Amino acid sequence: MSEKILLITGGSRGIGAATALLAAARGYRVCVNYRMDEAAAASVVDAIEAAGGTAFAVRADVSRTAEVERLFRAVDETYGPLDALVNNAGTLERQSRLEDLDEERLARIWSANITGPFLCAAAAVRRMSTRHGGRGGAIVNVSSRAAQLGSPNEYVDYAASKGALDSMTTGLALEVAAEGIRVNSVRPGLIHTGIHALGGEPGRVDRVGPLLPMGRGGTPEEVAESIVFLLSEASSYTTGAFIDLAGGR
Ligand code: NAP
């Protein structure tokens with residue numbers, strides 16, 4: 001069993017919560033970050049502890065430097081040196097065409113989906129890189145198949161933010177490859193979580209799932225398996241890689 005220390009951003013719901021539960025079952029001590037939903041974060045921590053694992057929750061908006069610094073300091077002080085980061089927190093907004101997107105919405109999407117993962121990756125590298133006296137580690141970025149598909153008529157802004165995250169995965173993986181840190185990504189397709197309600201269509205996975213090659217949407221647990229694999233020593237020679245979890249699309 002691993003005794004490693006893992007921070008999952010947006011670990012209170014959906015894919016992040018499933019990853020927190022699976023990683024804790026594999027022996028990681030887990031920091032469950034969330035932005036607003038304290039009860040959801042507490043229920044993930046309770047479930048981990050009920051199963052014999054170790055976890056704690058920290059509220060922080062990952063798109064704000066001061067909050068990211070406070071989040072990482074909480075992990076330092078509670079568990080010690082970080083071994084792994086899952087950049088999972090992300091958001092989208094109401095389905096619309098590109099010509100209807102305004103500056104304020106674009107700023108919100110870029111800050112949550114791009115700035116947040118950049119700030120968290122930077123804080124993780126400062127702790128894990130052998131260049132800074134660290135002992136190495138692993139980062140997994142939760143991107144989306146939308147980065148390639150573009151999400152026309154729904155949220156091209158969201159798709160583009162995940163495209164930026166994919167560039168970060170490639171660049172950072174090369175930047176820190178010789179410093180003991182692996183950086184990889186998962187690109188889920190349509191997964192059964194609450195995020196689709198933010199787009200104005202809570203039942204989106206049920207509508208589109210049957211049209212996919214595999215004929216269904218995916219589960220958060222299916223995504224969590226690949227994230228935990230990329231965090232683990234089972235993928236020790238893999239960096240800068242992308243696992244698509246999209247039912248064949
Ligand atoms: P979700 O169920 O809506 O959960 C999102 C999580 O992110 C929540 O824990 C939320 O916390 C947190 N969060 C959002 N903004 C944050 C911020 N600025 N700072 C800290 N935490 C923040 O979403 P999900 O479907 O599991 O999505 C997780 C990731 O997978 C996202 O990056 C998403 O883009 C990606 N993804 C999802 C799908 C899909 O079909 N579901 C497909 C492809 C990619 P609060 O509840 O406290 O706000």
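User: Is C31 buried or exposed?

Analyst: C31 is buried, because its relative accessibility is 0%. Buried means under 20% relative accessible area, exposed over 50%, and partly exposed in between, with a 1.4 Å probe and protein chains only.

User: What am I looking at, and how is it numbered?

Analyst: This is a predicted model: local features need pLDDT of at least 70, side-chain atom pairs count only at pLDDT 80 or more, and totals for chains, interfaces and linings use all residues. Residues are numbered from 1 along each chain as its sequence is written, and side-chain values use heavy atoms, leaving out hydrogens and water.

User: On to the ligand. Where does it sit?

Analyst: In the largest pocket. A pocket is an open set of points on a 1 Å grid over the protein atoms alone, where a 1.4 Å probe fits, with protein on both sides within 12 Å along at least five of seven lines.

User: Which elements give two or more residues to the shell around it?

Analyst: Those are α1 (14–25), β2 (29–34), α6 (156–176) and α7 (195–198). Helices (H or I, at least four residues) and strands (E, at least two) are DSSP runs, numbered from the N terminus.

User: Which side chains have polar atoms by the ligand's own N or O atoms?

Analyst: Y158 has a polar side-chain atom 2.5 Å from a ligand oxygen. For R13, a side-chain N or O atom is 2.8 Å from a ligand oxygen. D61 has one 3.0 Å from a ligand nitrogen.

User: What else does D61's side chain touch?

Analyst: The side chain of S63, through a polar contact of 2.7 Å. That term means N or O atoms within 3.5 Å; within protein, one must be able to donate a hydrogen and the other to accept it, and residues adjacent in sequence count only if both atoms are side-chain atoms. S63 lies in the loop between β3 (54–59) and α3 (65–78).

User: What is phi at S151?

Analyst: Near 50°, a positive value in a residue other than glycine. S151 is in the loop between α5 (146–149) and α6.

Conventions:
On a 1 Å grid over the protein atoms alone, a cavity is a set of points where a 1.4 Å probe fits but cannot get out, and a pocket is an open set with protein on both sides within 12 Å along at least five of seven lines; lining residues have an atom within 4 Å of a point. A molecule sits in a cavity or pocket if more than half of its atoms lie within 2 Å of its grid points.
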